[in-house]
Amino acid sequence: MKQIDTSNWNRTKTYEWFKTFSNSTYSMNVRMDVTNLVKHTKDKKESFFIDLLYIVVKGLSSIDEMRMRLIDNKPVIFNELNPAFTVMTKTGTFENVRFKNNNNFNNFNTFIRIIVSLHSFTPK
């Protein structure tokens with residue numbers, strides 16, 4: 001984790017504005033051509049969701065600003081992102097599941113499959 005010196009930071013003005021919000025979050029939508037990924041997952045019989053989640057987390061982790069958080073009201077950049085995603089539970093409600101990231105795809109894939117099987121709803 002790296003602390004940011006806000007006195008010499010080119011984003012200080014934006015940081016000061018966002019920190020006035022009671023719940024300062026943001027979201028984004030992007031268009032992605034996933035044709036090759038769909039083909040890959042079908043050919044390899046892999047989960048599209050898990051493959052896409054791995055790619056997105058890896059991409060977001062490569063951007064300092066996406067790893068930025070507030071600790072003790074001061075901006076810091078974490079070394080990695082730990083993903084969270086939503087699953088439908090066995091009771092039919094939704095739950096956010098968080099886990100420690102793993103840069104090795106096979107380990108990531110195995111771990112998510114375990115998490116989903118523990119939490120997710122299985123239709124009858």
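The buried residues of helix α4 are F108, N109, I112 and I115. Around the axis they take up an arc of only 130 degrees, which puts them on the same side of α4. N106 and L118 are exposed on the other side of this helix. All of this refers to a predicted model.

Helix α4 runs over residues 105–119. Its 15 residues, at 1.5 Å a residue, should span 21 Å, and the end C-alpha atoms are 21 Å apart, which agrees. At the start of α4, the backbone nitrogen of N106 has a side-chain oxygen of N104 within 3.0 Å. The cover over the buried residues of α4 includes α3 (48–61), β4 (84–88) and β5 (94–98).

## The nonpolar core

Which residues make up the largest nonpolar core? It has 11 residues: I50, L53, Y54, V57, F85, V87, V97, F99, F108, I112 and I115. Two or more residues of this core come from each of α3, β4 and α4. The most come from α3, which gives 4 residues.

F85 and V87 form its covered face, while A84, T86 and M88 form the uncovered one. In a regular strand the side chains alternate between the two faces of the sheet.

β4 and β5 run antiparallel and are joined by 5 bridges. Within this pair, V87 stands opposite E95 in β5. The two strands form a hairpin with 5 residues between them. In the turn, G92 has a positive phi of about 90 degrees.

## The sheet of β1, β3 and β2

A further group of strands is an open sheet of 3 strands, in the order β1-β3-β2 and with antiparallel pairing. Its edges are β1 (2–3) and β2 (68–71); each has a single partner strand, so one side of each is left without a neighbour in the sheet. Strands of a sheet pair through backbone hydrogen bonds, either parallel or antiparallel.

β1 pairs with β3 in the antiparallel sense over 2 bridges, and Q3 stands opposite V76 in β3. The antiparallel pair of β2 and β3 (residues 74–77) is joined by 4 bridges. M68 has I77 as its bridge partner in β3.

β2 and β3 also form a hairpin, with 2 residues between them. Where do D72 and N73 lie? Both D72 and N73 are in the loop between β2 and β3. Most residues other than glycine have a negative phi. D72 has a positive phi, near 50 degrees, in a residue other than glycine, and N73 likewise has a positive phi although it is not a glycine. The table sets out their values.

| Residue | Phi | Relative accessible area |
|---|---|---|
| D72 | near 50 degrees | 71%, exposed |
| N73 | about 65 degrees | 53%, exposed |

Is I4 buried or exposed? At 15% relative accessibility, I4 counts as buried, because the cut-off for buried is under 20%. I4 lies in the loop between β1 and α1 (12–18).

The contacts of I4, not counting residues up to four places away in sequence, are W9, M68, P75, V76 and I77. Among them, M68 and I77 are bridge partners of each other, and V76 is the residue opposite Q3. I4 is 70 residues from K74 in sequence, yet their C-alpha atoms are 7.7 Å apart in space.

Conventions: Residues are numbered from 1 along each chain as its sequence is written. This is a predicted model: local features need pLDDT of at least 70, side-chain atom pairs count only at pLDDT 80 or more; totals for chains, interfaces and linings use all residues. Side-chain values use heavy atoms; hydrogens and water are left out. The expected span of a helix is 1.5 Å times one less than its number of residues. Buried means under 20% relative accessible area, exposed over 50%, partly exposed in between (1.4 Å probe, protein chains only). The arc is that of the directions from the helix axis to the C-beta atoms. Contact means heavy atoms within 4.5 Å. A polar contact is a pair of N or O atoms within 3.5 Å; within protein, one must be able to donate a hydrogen and the other to accept it, and residues adjacent in sequence count only if both atoms are side-chain atoms. Two strands pair if DSSP finds at least two bridges between them. A nonpolar core is a set of buried Ala, Val, Leu, Ile, Met, Phe, Trp, Tyr and Cys residues joined through side-chain atoms within 4.5 Å.
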